[in-house]
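Work through the following exercises with the sequence and the model in view. Each task is followed by a solution in steps.

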Amino acid sequence: MSLRLGDTAPNFTAKTSQGELTFYDYLGDSWGVLFSHPGDYTPVCTTELGRTAALKDEFTKRNVKVLALSVDSVESHDGWIKDINETQGVEVNFPIIADADRKISEAYDMIHPNASVNATVRSLFIIAPDKTVKLIITYPASTGRNFQEILRVIDSLQLTANYSVATPVDWKDGEDVVVVPAIKTEDIPAKFPKGYTAVKPYLRITPQPNK
Ligand code: BEZ
């Protein structure tokens, strides 16, 4: 059965471009982004992994560790990393899993046989420090993901983990948020001293509480 939000992310030991690692040890107390790509030496994946490397400071600032995966070998990853570094102007600074036996791909349901029987699709999981799955997205091979959107979701997940708020459409870090329905309107002033606007009884807007 496929993973769902709130499930515990399966732990695993894997061969990677940075040696063998155990997922939970690699993550420690950090948030995690685990993402699969269809294959090494493919153009869209080259740009995605380059962008991930370029965003290292953004991930580090958010206490996030990233980990990529394809079913290709470590030797293949090593050669391809040189190409990524050369063509994308980066140093790939995170491990790429070599999931040759597809155990991890299967545990995370990254192979969608009607899309491809022998390659992972573009799956991406955001995992919280308690190892629960907080976000799952799946893109086809032909569409590269938007890593600014991944950072935006991480900002939302980290904010909403700590405050009784949710983030509205197209929200970006620093913008107003909505108070969750579980908070009674009469309790808002004590919880959100920056103030609020009740557009409707169910739509209460407040400045981002941690800014
Ligand atoms: C790519 O990563 O560039 C790619 C992979 C499979 C199909 C199409 C594009």
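**Exercise 1. A hairpin**

Task: Determine in which sense strand S10 (residues 197-200) and strand S11 (residues 203-206) pair, and over how many bridges.

Solution. The model is a predicted one. Step 1: S10 and S11 pair in the antiparallel sense, over three bridges. Step 2: within this pairing, Ala198 stands opposite Arg204 in S11. Step 3: two residues lie between the strands, and S10 and S11 form a hairpin.

**Exercise 2. The five-stranded sheet**

Task: Give the strand order of the open sheet of five strands, and identify which strands stand at the edges.

Solution. Step 1: the order is S5-S4-S3-S6-S7, and the pairing is mixed. Step 2: strand S5 (96-98) and strand S7 (133-139) each have a single partner strand, so they stand at the edges, with one side of each left without a neighbour in the sheet. Step 3: from one strand to the next, the twist averages 20°. Step 4: for the pair of S7 with strand S6 (residues 122-127), the sense is antiparallel and there are six bridges. Arg122 stands opposite Tyr139 in S7.

**Exercise 3. Helices on the sheet**

Task: State which strands helix H2 (residues 43-54) lies across and which strands helix H6 (residues 147-162) touches.

Solution. Step 1: H2 lies across strand S3 (31-36), strand S4 (64-70), S5 and S6, and runs at about 20° to S6. Step 2: H6 packs on the sheet and touches S3, S4, S6 and S7. The direction of H6 makes about 25° with that of S6.

**Exercise 4. Two packed helices**

Task: Describe how H2 and helix H4 (residues 74-88) are placed relative to each other, and characterise the residues of their contact.

Solution. Step 1: two packed helices are described by the angle between their axes and the distance between the axes. Step 2: the axes of H2 and H4 come within 9 Å and cross at roughly 75°. Step 3: angles of 65 to 115 degrees count as roughly perpendicular, and H2 and H4 are therefore roughly perpendicular to each other. Step 4: on the H2 side the contact involves Cys45, Thr46, Thr47, Leu49 and Gly50, which meet Trp80, Ile84, Thr87 and Gln88 in H4. Step 5: these residues divide into four nonpolar, five polar and no charged.

**Exercise 5. Aromatic pairs**

Task: Classify the ring pair of Phe12 and Tyr108 and the ring pair of Phe35 and Phe94.

Solution. Step 1: a search of the whole structure finds six aromatic pairs. Step 2: the ring centres of Phe12 and Tyr108 are 6.1 Å apart and the planes are at 85°, so this pair is edge-to-face. Step 3: Phe12 is in the segment before strand S1 (13-14) and Tyr108 is in the loop between helix H5 (103-107) and S6, 96 residues apart. Both Phe12 and Tyr108 are buried. Step 4: the ring centres of Phe35 and Phe94 are 6.3 Å apart with planes at 50°, so this pair is tilted. Step 5: Phe35 in strand S3 and Phe94 in the loop between H4 and S5 are 59 residues apart. Step 6: buried means under 20% relative accessible area; Phe35, at 0%, counts as buried, and Phe94, at 2%, is buried. Step 7: ring pairs also link Phe12, Phe23, Tyr24, Tyr108 and Phe125 into a cluster.

Note on methods. Residues numbered from 1 in each chain as written. Predicted model: local features only at pLDDT ≥ 70, side-chain atom pairs only at ≥ 80, totals over all residues. Heavy atoms only, no water. Pairing = 2+ DSSP bridges. Helix = DSSP H or I, 4+ residues; strand = E, 2+ residues; numbered from the N terminus. Axes fitted to C-alpha atoms, helices over the stretch in contact; angles between N-to-C directions. Contact = heavy atoms within 4.5 Å. Parallel < 35°, antiparallel > 145°, perpendicular 65-115°, else oblique. Nonpolar A, V, L, I, M, F, W, Y, C, P; charged D, E, K, R; others polar. Phe/Tyr/Trp six-rings, centres within 6.5 Å; stacked < 30°, edge-to-face > 60°. Buried < 20%, exposed > 50% of the residue type's maximum accessible area, 1.4 Å probe, protein only.
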